[in-house]
Amino acid sequence: MNKGRLSYSRSSAIVSLPVMGLCLLLGVLAAFFGQGALSAALMFVFLFALAARLWSALAARRLKFSIKSPAGGVFPGDELEFKLRAENDKFMPLVWLDLFAPVPVSSCMVPEDSRKPEEWECSGLEEQGASTEIVGEKRFSLIMWYETVSATMRWRAERRGIFSMSGWRLRTGDGFGLEQLELELPQSDLREIAVYPKLVNVIPDMFLRNLWNSESGSRGVMEDPTVIRSTRDYMTTDSLKHINWRLAARGLPLAVNVFEDILPKSVHFIVDGDSFAPLGERSEELEDTLSIIGSLAVRLERAQVRCGLSLPSGKGRAPVNIFAADGAQTADLLWALAAYELPEPKLDDNGERIFPPPKFDEAPIYDGVRAAGRFYYVAYSSASLPDRRLLRALGSGCTTVLTYEEPEYGGDFETACLKKLREVKSDA
Amino acid sequence: MPDGRAFPTFAAQLATACAVCSFVQIMGMSSGGELGLYPLILIPYAAAAYGIDRLFLRRERSMRALALLNTAMGLAIFAACFALDACGDLASTLFTALFCLGLTVRAASLCLRRMELRSMLLTMELCLFLLVAQVGFGAASGMGVAAYAPIMAGAAASILGLVIYRTEGSLGARGWAFTAAAFAGIFALLWLLVSFAAAPAGHGIVAIWNAAVAAVKSVFSLIYRFLAYLISLLPEAEYGEAEMETPEGIVMEELPETETSPIIAGILLAIIAALLIYGLVRLLIRLGRINIGGRKISAHSRTKRRRAALGPALARLFASWKKALRLRVKLWQRRSTPEGLLCILIRKCRLTPWHKRPGETPRLFLTRLADSAEDDAELHSALLRLIPAVDAAVYSPGGRGVDFDGAAAVRRRISSAVRRRFARDSLASAFAKIRHK
């Protein structure tokens, strides 16, 4: 395994080369001048440090460590189990081995085995953008020769966000505890896990009406089981579900229904996250909005309505456009919603916070107007709508405005209250 | 304290008290005064203060109650020190008060918050530094060996505390045995080093030889006495009424006259050895059940272990050595062929910045190496010539086993070239840092 950056490393000063060199030099000098006891004391410190250095160097050799993490994303409240496997592929026993797992600042996932970081660890954690309040740790003690140790580490998804394992490190060292080495984990084992927005019960009726006005198209064609175009003779490869049992009951030869091909109009959400910025970072309203949109996406998928999503640029992330016509899955939408965070607040010359309009990647949205179906522009309130260029460009013909608060002004646009799409008293 | 790191914390507190004691001893020696029991009393006090505070905080208490308790303890130890004539003048009174206060406050604070690794390391470093300082000072002033006992105990406590802190007390008998063996190794090496370094030429070897001979003689003497005693207990069949000799009657000079069968002696020796091994194993198993300090392992520990027994482990070790040896022999046999030279280069550059990167082809690796060695024209050209030869050897079936004419030069020069380049790069980066500052 590779030795990593020693940003968190904490070893004793005794094992540093200058101190060891000084001890050796003074020890030899003391012996030369006949000071046996002093020479013995200095030599002891030197040998102690040397043994610690050699031991820790040998401890890190031929050590195999792997982490198996569950694929995909999770929802808040779910528990994740990471399977850890440490293999000491040498004869020398490994006295201690720690898996150091920083927790993201958002605390979207919290470990079961945790502790408060020590002072010397905090600077490294801050540098990495991890929490300085809590850190995950799993300890393996005494891994004997050619021994394999398997363990599990449980984490609990607490809130929406992206959980990255990039800062996970292994720590080991000598049995005296003087020197600590940090080892990088295999990159293939380090993944990102999305904690999706919490699912809530929603009423998707206003989106389903588009399916009833369906029209045929060239892409994403599907059969509408409610509209029978004709029948044809049964072939052995046909599904039994498609057999026309009425004809069969009349004693006629087996025939199967041929349904109408349709292209359902898809739904495309444009989330104006910046309109929630005045409420503060990770406001309840924003979280609730993302929960409702995520829940709608899941619910509409079940109803075979395809969903797309556009998000403006957020903290450290570029604008996102996911189009249903490109074959996007609901998981992609949920991932994008999980990763979205409001951009860093901006200040004017007087130190006052300003709220610039959202930065969407607009060109693909304009290009995809025909394939995207109807747009749903989601904002906090109608007060922020007049200066939204994208909304004006899309026009009221294909766009509905959904506001978290009760809409006061929508102009030509069809408006609806997003909060009301949530079924109260029966949260998922 | 929020977690169960009680033993390392206790060890650190004890080590601090030992360090204070040592410091007072050094101060006392420099002033030429007699210290008596005064600094020694701080050691049990520090341990007791920590224990009392922990017991006191087992139930919920107010900070005022804790402060009052510690004030009372601090005043009591100060009064005890005063009674032991620790406060001769104003300066010594002030220092005594400071030490008492410091140890009391530390005991209380260690009970309130979790001990950090940095504190453990600092305590151990302080103890080792004071050990060296006191030994040095003692050597100059003719101090007795007994005076080093507190700081040696402190150093031992701090090291033990650190070991338990790192392993969270779940080391087990095997782990402790391994750590103890490492310490034994260090002390053995220390003894050898000091004997050699401190003694005039040749004297060290004589001393070691004499000590070894004396040790072996004493061990054999003990075994012989024990066997003789056991044999004397056996009744003699031919002389049924003969009286048994008492053990007290055995004299060293008379021993060779005792008739002993070598077979019986061998059997007895084997039985004793087997019993000793059995006892040792039982003791280790018993010790393994005792956990010192640290967090208790939860009952539903989800850790699974797949251990290898010592025999198969040794077999694997020997097999790996055999494999490594075979590889080296093979490499030596093919040291002049392009493919062998490539392997040698990879091995030589393994621990340097020019190590072969994952996924790098031989051609890319050799090109990078040739660029790095451009100062050495001969090596540079040899490496460039090596590239097509390696390509031929690696990718064409008939290209193997042909000697490369510049192999010896490449082997000879590559290490020095890498070292030279490394030194130059290190110096350049150091200068750049200094210039940047």
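Helix H14 of chain B (residues 407-436) has 30 residues and, at 1.5 Å a residue, should span 44 Å; its end C-alpha atoms sit 42 Å apart, which agrees. The expected span here is 1.5 Å times one less than the number of residues, and helices (H or I, at least four residues) and strands (E, at least two) are DSSP runs numbered from the N terminus. This is a predicted model, in which local features need pLDDT of at least 70, side-chain atom pairs count only at pLDDT 80 or more, and totals for chains, interfaces and linings use all residues. Residues are numbered from 1 along each chain as its sequence is written, while chains are lettered from A and ligands numbered from 1 in the order in which they are written.

H14(B) also bends, by about 35 degrees at B:Arg413, the bend being the angle between axes fitted to the seven residues ending there and the seven starting there. Buried residues in H14(B) are B:Ala407, B:Val410, B:Ile414, B:Ala417 and B:Val418. The buried residues of H14(B) pack against helix H11 (338-348) and helix H13 (377-395) of chain B, with contact taken as C-beta atoms, placed from the backbone, within 7 Å.

Over in chain A, A:Arg62 lies in the loop between helix H2 (36-59) and strand E1 (63-68). A:Arg62 is not a glycine, yet its phi is positive, at about 50 degrees. A:Arg62 counts as partly exposed, because it has 16 C-beta neighbours inside 10 Å (20 or more other C-beta atoms within 10 Å makes a residue buried, 12 or fewer exposed, and anything in between partly exposed, with C-beta atoms placed from the backbone).

Notes
Contact = placed C-beta atoms within 7 Å.
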